[in-house]
Amino acid sequence: MKILKINANNPEKEKIKEAISVLKRGGTVVYPTDTVYGIGANIFDEEATRKVYQIKKRSYSKPISACVSKIQDIHKIAYMDKNTEKMVQKILPGPFTIILKKKENVPPILTSGREKIGIRIPDSKVCMELSGQFPITTTSANISGEKIPESLDGILKQLDDNIDLILDAGLCKHGIHSTVIDMTASPKIVRKGVIVPDFDY
């Protein structure tokens with residue numbers, strides 16, 4: 001396990017490059033989002049995604065969300081009509097996870113075999129840089145069912161040495177998990193997080 005200090009507001013290019021290199025070769029990276037720290041792996045690498053499940057001791061019956069760099073990238077892994085995209089543009093980037101119907105290129109392990117996928121675009125330069133080349137997993141850096149750590153020390157106490165790289169940017173902006181919104185039909189709040197949007201239906 002390697003730990004790199006990174007500037008959340010102005011991420012050092014060489015550190016982002018190193019993290020992307022880890023992801024490309026099937027490794028795992030703990031990284032800061034706008035809510036809590038996440039565990040990242042290339043979503044198209046099924047073995048890497050399996051590592052994330054193992055690190056978290058997470059049931060394979062529970063899906064893991066994907067992080068993308070920009071709204072246009074959502075279309076690469078999920079179906080989104082124009083009306084939904086307009087609503088998404090109002091809340092992303094931000095502390096939200098949107099649920100959409102997944103496309104066929106998304107490995108079933110990520111969605112636990114379901115037809116829906118959770119997608120995030122955190123308001124975080126680190127996240128946008130990391131997921132610029134391909135979507136990465138975004139799931140809290142903790143053991144499933146345990147309290148989500150707010151700092152590096154808490155992460156190190158919970159997670160084992162199977163993580164290849166940690167990008168340490170100090171405390172995350174919100175420190176509370178994202179609000180989850182199912183947008184496969186009319187927007188429906190599945191989990192309340194730090195902010196609950198007020199959609200104009």
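Trainee: What volume does the largest pocket have?

Mentor: About 790 Å³. Keep in mind that this is a predicted model.

Trainee: Which residues are closest to its centre?

Mentor: Arg58, Pro63, Ser65, Val180 and Arg191. They belong to a lining of 32 residues.

Trainee: And which strands each supply at least two residues of that lining?

Mentor: β3 (37-40), β6 (96-102), β7 (116-120), β10 (179-182) and β11 (188-191). The largest share comes from β7, with 4 residues.

Trainee: How does the lining of the largest pocket split by class?

Mentor: Polar residues number 14.

Trainee: What classes are in the lining of the second largest pocket?

Mentor: There are 6 nonpolar, 4 polar and 4 charged residues.

Trainee: Let's zoom out. How many helices and strands are in the chain?

Mentor: The chain has 7 helices and 11 strands.

Trainee: What does the radius of gyration say about the chain?

Mentor: It agrees with a compact globule, because 201 residues would give a radius near 17 Å and the chain has 16 Å. Along the principal axes, the C-alpha trace spans about 45 × 30 × 30 Å.

Trainee: What share of the residues counts as buried?

Mentor: 52% of the 201 residues. As for surface, the chain exposes about 9800 Å², and carbon and sulfur atoms supply 48% of that.

Trainee: And contacts along the sequence? What percentage joins residues at least 24 apart?

Mentor: 65%, taken among contacts between residues at least 6 apart in sequence.

Trainee: Now a single residue. Where is Ile55 found?

Mentor: In helix α2, which covers residues 46-56.

Trainee: Is Ile55 buried or exposed?

Mentor: Buried. Its relative accessible area is 1%, and the cut-off for buried is under 20%, so Ile55 qualifies.

Trainee: Which residues does Ile55 touch, leaving out those up to four places away in sequence?

Mentor: Thr28, Ile39, Ile143, Leu159, Asp160, Asn162 and Ile163.

Trainee: What separates the C-alpha atoms of Ile55 and Ser69?

Mentor: 24 Å, with the two residues 14 apart along the chain.

Conventions:
Residues are numbered from 1 along each chain as its sequence is written. This is a predicted model: local features need pLDDT of at least 70, side-chain atom pairs count only at pLDDT 80 or more; totals for chains, interfaces and linings use all residues. Side-chain values use heavy atoms; hydrogens and water are left out. On a 1 Å grid over the protein atoms alone, a cavity is a set of points where a 1.4 Å probe fits but cannot get out, and a pocket is an open set with protein on both sides within 12 Å along at least five of seven lines; lining residues have an atom within 4 Å of a point. Grid points are joined across faces, edges and corners, and a volume is the space filled by probe spheres set on the points. Ala, Val, Leu, Ile, Met, Phe, Trp, Tyr, Cys and Pro count as nonpolar, Asp, Glu, Lys and Arg as charged, and the others, Gly among them, as polar. The radius of gyration is taken over C-alpha atoms; the globule rule is 2.2 Å times the number of residues to the power 0.38. Buried means under 20% relative accessible area, exposed over 50%, partly exposed in between (1.4 Å probe, protein chains only). Contact means heavy atoms within 4.5 Å. Accessible areas come from the Shrake-Rupley method with a 1.4 Å probe; for residues, only the protein chains shown count as cover.
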